[in-house]
Amino acid sequence: MEHIDVAVIGGGQSGLATAHALLRRGLRPVVLEASGRAAGSWPHYYDSLTLFSPARFNTLPGMPFPGAGRDRYPHRDEVVAYLSAYADRLDAEIRTGCRVTAVRRTGDGFAVELKGGGRLFARAVVAASGTFGRPHRPVLPGLEEFAGQVLHAADYRSPAPFTGRRVVVVGAGNSAVQIAAELAQAAEVTLATRAPVKFTAQRVLGRDLHWWLTRIGLDAAPLGRLLSRAPAQPVFDDGRYRAALAAGRPKRRPLFTGADGTKLVWSDGSREGVDAIVLATGYRPDLPYLAGLDGALDANRNPRHREGLATGVPGLAFVGLEWQRSLSSNSLRGVGRDAERIARRLAAHLARR
């Protein structure tokens with residue numbers, strides 16, 4: 001069985017930042033990416049996705065985000081190109097098409113099992129596989145009985161297939177509002193939420209909100225340990241989304257209370273025929289390969305950790321979790337900080353072995 005220092009599971013922004021940090025510590029990581037390219041989930045997001053933070057903040061360690069206009073908001077495809085270029089420049093072994101199926105404790109390290117039967121022995125493991133592979137589909141009243149199309153935002157690409165149809169988007173976050181507003185240009189759309197949408201200004205006193213978050217230190221503040229659950233984030237808006245909702249494109253309604261065939265039942269008792277429901281309800285950590293590793297996950301399949309270090313499995317760490325340590329932990333602008341901390345602690349752990 002091949003022996004390596006650290007297996008980094010996932011070749012997206014978290015895995016690449018972790019590999020960079022491990023190399024700086026003198027370790028030789030091997031990045032195991034299930035897909036055919038090192039760009040994480042970015043190629044699979046909806047076509048019009050635009051970042052909510054300016055290009056100047058969306059950088060991984062050692063490589064600024066390219067292109068003119070540091071205050072512009074990069075498009076999805078720009079991020080894909082950036083991550084691909086970052087991977088090409090990184091002096092680490094990146095193996096694409098390598099899906100990890102299980103991680104098991106063995107001796108003083110881990111056996112990492114791959115789809116197809118391959119195995120590696122790693123002295124340490126970093127789970128950096130993100131959340132896109134585990135879309136959250138909450139239990140909603142009547143959803144199981146609804147006879148129309150139901151899809152998650154992970155499966156949404158563009159408004160074209162929904163032209164002229166009646167669509168309900170469920171969710172109150174940035175993606176939900178962005179998708180609903182886009183769909184409303186081609187379809188009759190309702191944004192269904194449990195509570196009114198909370199907006200925050202994209203720019204304050206001529207500066208992007210992220211400039212202020214960075215300037216006052218809130219973006220990197222270690223608040224994650226204080227939270228029992230991740231707080232809902234407001235919708236970043238330059239005015240267009242608030243105006244769209246005010247104009248009824250999309251219209252907003254409280255969450256439906258049931259379904260009858262292809263009709264949804266609303267809280268006021270009215271019924272409305274609907275062709276499709278899009279669940280923009282977020283994601284959860286995608287870690288099926290840790291299911292058999294005692295102490296790695298809790299009963300809800302979420303990681304047991306403190307600021308990214310597994311609390312019950314020495315030598316196991318996580319990078320890229322929401323609020324792992326700070327507000328920016330699962331973003332391009334913040335994952336490098338967490339990766340550096342994890343690399344430092346893993347290096348110290350391995351030095352003691």
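Okay, let's start with two helices. Helix 1, residues 13–24, packs against helix 2, residues 76–89, at an angle of about 25°, and their axes are 11 Å apart. That angle makes helix 1 roughly parallel to helix 2. Before I go on, please keep in mind that this is a predicted model.

So which residues of helix 1 and helix 2 meet? From helix 1 we have Gln13, Leu16 and His20, and across from them, in helix 2, sit Leu83, Tyr86 and Ala87. Sort the residues of that contact by class and you get four nonpolar, two polar and no charged. As for handedness, helix 1 passes helix 2 in a left-handed crossing.

Now, helix 1 has another partner to talk about. It also packs with helix 6, at an angle of about 45°, and there the axes are 8 Å apart. Helix 1 and helix 6 are therefore oblique to each other. Their crossing is right-handed.

On the helix 1 side it's Gln13, Ser14, Ala17, Thr18, Ala21, Leu22 and Arg24, and they meet Val335, Gly336, Ala339, Glu340 and Ala343 in helix 6. By class, the contact of helix 1 with helix 6 comes out at six nonpolar, four polar and two charged residues.

Right, on to the sheets. What is the strand order in the open sheet of five strands? Reading across, it's 7-18-8-9-14, and the pairing is parallel. Strand 7 and strand 14 are at the edges with a single partner strand each, so one side of each has no neighbour in the sheet. On average, neighbouring strands in this sheet are turned by 25° against each other, ignoring direction.

Let's walk through part of that sheet. Strand 8 is residues 166–170, and four of its five residues are buried, so strand 8 is largely enclosed by the rest of the structure. Strand 8 runs parallel to strand 9, and five bridges join the two. To find one of the pairs, look for Arg166, whose bridge partner in strand 9 is Glu188. Next along, strand 9, residues 188–193, is joined to strand 14 by four bridges, again running parallel. There, Thr190 has Lys251 of strand 14 as its bridge partner.

Helix 3, residues 174–183, lies across strand 8, strand 9 and strand 18, and it runs at about 170° to strand 8.

Pro159 is in the loop between strand 7 and strand 8. Is Pro159 buried or exposed? With 18% relative accessibility, Pro159 counts as buried. Setting aside residues up to four places away in sequence, Pro159 touches Glu182, Leu183 and Ala186. Take Leu183: Pro159 is 24 residues from it in sequence, yet C-alpha to C-alpha the two are 5.1 Å apart in space.

Strand 16 and strand 17 pair over three bridges, with Val265 standing opposite Arg271 in strand 17.

As background, most residues other than glycine have a negative phi, and most peptide bonds are trans. Where is the cis peptide bond? It joins Arg249 and Pro250, with omega about 10°. Pro250 is in the loop between helix 5 and strand 14.

Then we have a couple of positive phi values. Glu307 is not a glycine, but its phi is near 50°. You'll find Glu307 in the loop between strand 19 and strand 20, and it is buried, with a relative accessible area of 8%. Trp323 has a positive phi of about 55°. Trp323 is in the loop between strand 21 and helix 6, and at 14% relative accessibility it counts as buried.

Conventions
Residues are numbered from 1 along each chain as its sequence is written. This is a predicted model: local features need pLDDT of at least 70, side-chain atom pairs count only at pLDDT 80 or more; totals for chains, interfaces and linings use all residues. Side-chain values use heavy atoms; hydrogens and water are left out. Axes are lines fitted to C-alpha atoms, for helices over the stretch in contact, and angles run from 0 to 180 degrees between N-to-C directions. Angles under 35 degrees count as roughly parallel, over 145 as roughly antiparallel, 65 to 115 as roughly perpendicular and the rest as oblique. A crossing is left-handed if the near helix is turned anticlockwise from the far one by less than a right angle, and right-handed if clockwise. Contact means heavy atoms within 4.5 Å. Ala, Val, Leu, Ile, Met, Phe, Trp, Tyr, Cys and Pro count as nonpolar, Asp, Glu, Lys and Arg as charged, and the others, Gly among them, as polar. Buried means under 20% relative accessible area, exposed over 50%, partly exposed in between (1.4 Å probe, protein chains only). Two strands pair if DSSP finds at least two bridges between them.
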